[in-house]
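This report goes through one predicted model. Please look at the sequence and the structure below before reading on.

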Amino acid sequence: MKAVGSKEKCPFCKEEITPGALVCKHCHSIIKLPPQSKKVPTWRNKFILGFYAGVLFMALMIYLYTKFL
Ligand SMILES: [Zn+2]
């Protein structure tokens, strides 16, 4: 019986790989997707851009509303 758990195996070529490896060193298959740590800043930037676009739109609407009264 072989000890299982200490070493990970590639699901594609069944060769032993380093635990936590993102790409198999034998067949170069992507095993795990890299963690997306820059997801929150991107979301925040989009939110800020949307917020400013909304504020500008509101200012324009108020300007047009007051102009035609
Ligand atoms: Zn492999």
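Cys24 counts as buried because it has 20 C-beta neighbours inside 10 Å. A residue is called buried if 20 or more other C-beta atoms lie within 10 Å of its own, exposed if 12 or fewer, and partly exposed in between, with C-beta atoms placed from the backbone. Of the 69 residues of the chain, 3% count as buried.

The model is predicted, and local features need pLDDT of at least 70, side-chain atom pairs count only at pLDDT 80 or more, and totals for chains, interfaces and linings use all residues. Residues are numbered from 1 along each chain as its sequence is written.

Helices (H or I, at least four residues) and strands (E, at least two) are DSSP runs, numbered from the N terminus.

Cys24 lies in the loop between β2 and α1. Leaving out residues up to four places away in sequence, Cys24 touches Cys10, Phe12, Cys13, Ile17, Ser29 and Ile31. Two residues are in contact if their C-beta atoms, placed from the backbone, lie within 7 Å. Phe12 is twelve residues from Cys24 in sequence, and 8.7 Å separate the two in space, C-alpha to C-alpha.

Leu22 is found in the loop between β2 (16-17) and α1 (39-67). Leu22 is exposed, because 12 other C-beta atoms lie within 10 Å. With residues up to four places away in sequence not counted, Leu22 touches Ile30, Ile31, Lys32 and Pro34. Leu33 is eleven residues from Leu22 in sequence, and their C-alpha to C-alpha distance is 6.5 Å.

How much do residues 24 or more positions apart contribute to the contacts in the chain with a separation of 6 or more? Their share of these contacts is 0%.

Most residues other than glycine have a negative phi. Lys14 is not a glycine, yet its phi is positive, at about 65°. His28, also a residue other than glycine, has a positive phi near 60°. Lys14 is found in the loop between β1 (8-9) and β2, while His28 lies in the loop between β2 and α1.

The table lists the neighbour counts for these two residues.

| Residue | Other C-beta atoms within 10 Å | Class |
|---|---|---|
| Lys14 | 10 C-beta atoms | exposed |
| His28 | 10 C-beta atoms | exposed |
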